[in-house]
Amino acid sequence: MFSMDKKNIQSKMLSYRDAICEATVQEMKRDKNVFVYGIDIADHKGIFGTTAGLAEKFGAKRSFSTPLCEEALVGFGLGSALAGLRPINVHMRIDFLLLAMNQLSNMVSSWHYGSGGQMKVPMVIRAVIGRGWGQSYQHNKSMQSVFAHIPGLKVVMPTTPEDAKGLLITAIRDDNPVLIIEHRWLYDAIDKVPARQEPMPFGKAHVLRRGKDITVVATSWMNVEALRAAEVLARRGVEIEIVDPRTLVPLDEKTIVRSVQKTKRCIVADYDWGFCGFGAEIAARVSEKCFGVLRAPVGRIHFADTPCPCTRPLEMVFYPGAETIIREVERQLKLTPTDLTKENFYSYERKFKGPF
């Protein structure tokens, strides 16, 4: 699925879900203070398989299910972190992490600052995003810009299995709070992952594909769509460069700017709403840093400005995809529209059997 350069030849094929599980096991073995908790953590399905087998390996004191109360769960993690433990709190739907915003914005994110750097909050929050017809407006949000807006909270959106493993290891070892946002369609992605994965530094973007004609800055699942769009466009000689920020906070602005200075055009394909979103932030920074070289205004691709509809046909309109990216590239480059009627774009709905 992904095109990446590998420096470490000792690698193995691993799914995104297994990469997360493997990183968790590795860190729980390395540090007895690491524990995992959340709604249905110990269920046999193990949060899409990402926590499968943890309770059997480490016991109920280090991997356990909890009642449904998001604010209490985050507050429990805060107290545990302040006491010297390293909690990993998993939320199956990021929509309901909003119920813990008091803890996140007023407590977890600011404790280190409020104590003059004397106290640490080594806490990881994993939150799942991603669509599937029938879930409608209460189970389809992303909202990374809401959390990235809060000082003191690192925000990570891994796209590849290697990034999922390496960035989770880094997050667990970080001495202050990290929110990791995972798209559930990515759990099925399989790619090479180093057998001995080292921590992956935050604030370092990943150029998934090199190109010369236009830069596409994409988040999470939109990188999959961008790679598919690149295949179609390459047939007519258009080469797009795809930059995955990987971490929104801290942000690798330099890699993005360097790419746009080369291609002189930019599209931001964000997996979220557009107004006041992460795409707006990137567009502003690119416009400021690359004003003298830009040949067109920064294009922005995002969800439709409405709550997510329930039916599949309307949902397919709500979410952008590879075709949306292709059309925006053509608009910026002033190209005639490509005939896409015979294209078979990736659609997870072919596997998806229902809302839950």
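Biologist: Which residue in β12 stands opposite Val 156?

Modeller: Thr 247 in β12 stands there. Before we go on: this is a predicted model, where local features need pLDDT of at least 70 and side-chain atom pairs pLDDT 80 or more, while totals for chains, interfaces and linings use all residues. Residues are numbered from 1 along each chain as its sequence is written, and side-chain values use heavy atoms, without hydrogens or water.

Biologist: How do β6 and β12 pair?

Modeller: Strands pair if DSSP finds at least two bridges between them; strands are DSSP runs of E, at least two residues, and helices runs of H or I, at least four, numbered from the N terminus. Here β6 (residues 154-156) and β12 run antiparallel over 2 bridges.

Biologist: What is the strand order of the sheet?

Modeller: This open sheet of 7 strands, with mixed pairing, reads β3-β2-β4-β5-β7-β6-β12. Its edge strands, β3 (63-65) and β12 (247-249), each pair on one side only.

Biologist: Which domains does the chain have?

Modeller: Domain bounds come from an automatic or database assignment, which gives domain 1 (9-194) and domain 2 (206-333) here. Their contact (heavy atoms within 4.5 Å) takes 28 residues from domain 1 and 29 residues from domain 2.

Biologist: How many salt bridges lie between domain 1 and domain 2?

Modeller: A salt bridge puts a side-chain nitrogen of Lys or Arg within 4 Å of a carboxyl oxygen of Asp or Glu. The count between domain 1 and domain 2 is 1. Arg 246 forms a salt bridge with Asp 163, with the closest N and O atoms 2.9 Å apart. On the side of domain 1 that touches domain 2, α7 (144-148), β6 and α8 (161-173) are the elements giving two or more residues.
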